[in-house]
Amino acid sequence: MASSSSITKLMLFLLFTLLSCSAIPSYQHQHPLDPLTPSVLNLVTSIVLKKHPHTTSTGQNLTFQYVGLDEPDKTSILSWLSLNPENKTKTFLSRLALVFARYKKQTLEIIVDLLTRSIVTSNVYNGHGYPTLNIEEQDRAGKLPFDYKPFLESVRKRGLNLSNVTCSSYTVGWFGDLNKSARNLKFQCYYANETPNLFVRPLEGITITVDLKEMKIVEYFDKSNNISVPKAEDTEYRTSNQKPPFGPKLNGFGIKQPDGPGFKIDGHIISWANWVFHVGFDVRVGPIISLASIYDLEKMVSQSKFLMLFVFLKNMLEIFCGVIQKTAVPGIEEILESRPDASLIVRTISTVANYDYIIDWEFKPSGSIKFGIGLTGILAIKGTAYTHKDQIKEDAHGTLFSDHTLAIYHDHYSTYHLDLDLDGVSNSFVKSNLETVKVTDNSSP
Ligand SMILES: [Cu+2]
């Protein structure tokens, strides 16, 4: 039996915990572009759920599709930035959260004021596009085929064990139809037997379309044409399960930084060399780099390079390399020069189903910024009836690289939002295309 003093201690502890949990976060010391922290995300969802509490009846509960920072407008941020440090902490920009939720088969767009802990606006969204998918609805929809007789028949027909089948969701795409109102999701199913690499074992020919609003299968095709599930053999990718022969042995290497890392992290502000920028994260757009600026040695001022970029930091790397320039001046002299260079890379790796996207923003002391995306992970394939390329007499929409396995032609699109303030906010965008013109009069251009 617990003593009364230990009960008092427990009560005090609980009270203290409750008070700390409910304390209003100190936004005054935050940068207005700092992303919402996990505790603030919880606060936002609890404020919204207070208005739309969950009930026991299914299908009517509010679901969160997106929760993130509702950024202050650019003018407010720029005027806040122009304040001295003391006034910056005193002058507080509003701190708002943007929520997209599904409730009673409608999409709600909700703005929550984090300081007053109240809902500012809540409107039904009827514009273009759909709210982001959430994991829960994808999981629920992915279970539907397992109670759907035609799908069970398709699995049986292929001689597969249903307990090893799993279905993964894909967006259906939007092809310009403005009247389309259904929020649909497509499912591709895989056989996760004898391999951890289920993406290379599709149940080809099966198309399942789920209407998320009604949470039911609205379209089903099985055009299998006797396409076998590709074999599991040689699809293992885990290093620990690899068998010889292995690749060539490589010597290890490392980078030494005797003076420590060259970058500094203060909250969400990163400074490195002549660069300073803010790094945030948004669940939908990913990494966000804001207010990136370099110190201009000639003008002795910081030049704002750009205000908003969408990217994020998972990892930061400093890369050192040399630039070699060789200039030959015929008959006079040969100049051979090399000088060191370095880059700071802000890297994010986003895992999206079978793919891992490596998103890099490379900052250089010269003031240039390079960006790029690398793609790795498990590549997308399509099942096929072909087992040898000589059987292919038509456009197979891909390259056969193994029995029943096509490396399918497809594209990846990435969207960048850039707002550049080069030498001020008044900028224009010029796109140049070089065209080759034939010189016909023997002149030298
Ligand atoms: Cu791909």
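Modeller: Helices here are DSSP runs of H or I with at least four residues, strands are runs of E with at least two, and both are numbered from the N terminus. This is a predicted model, where local features need pLDDT of at least 70, side-chain atom pairs count only at pLDDT 80 or more, and totals for chains, interfaces and linings use all residues. Residues are numbered from 1 along each chain as its sequence is written.

Colleague: How many helices and strands in the protein chain?

Modeller: Six helices and 21 strands.

Colleague: And what share of the residues is buried?

Modeller: Of the 445 residues, 19% are buried. Buried is 20 or more other C-beta atoms within 10 Å of a residue's own, exposed is 12 or fewer, partly exposed is in between, and C-beta atoms are placed from the backbone.

Colleague: Which residues have the most contacts inside the largest nonpolar core?

Modeller: C189, Y190, Y191, L203 and I208, in a core of 20 residues. Such a core is a set of buried Ala, Val, Leu, Ile, Met, Phe, Trp, Tyr and Cys residues joined through C-beta atoms within 7 Å.

Colleague: Which element gives the most to it?

Modeller: β6, with four residues.

Colleague: What does L203 touch?

Modeller: Leaving out residues up to four places away in sequence, R158, V165, C189, Y190, Y191 and V229. Contact means C-beta atoms, placed from the backbone, within 7 Å.

Colleague: Changing topic, what does UniProt say about Y355?

Modeller: The unreviewed entry annotates Y355 as "modified residue: 2',4',5'-topaquinone". Such annotations may be inferred rather than shown by experiment.

Colleague: Why does Y355 count as partly exposed?

Modeller: Because Y355 has 15 C-beta neighbours inside 10 Å. Y355 is in strand β16, residues 355-363.

Methods
Two residues are in contact if their C-beta atoms, placed from the backbone, lie within 7 Å.
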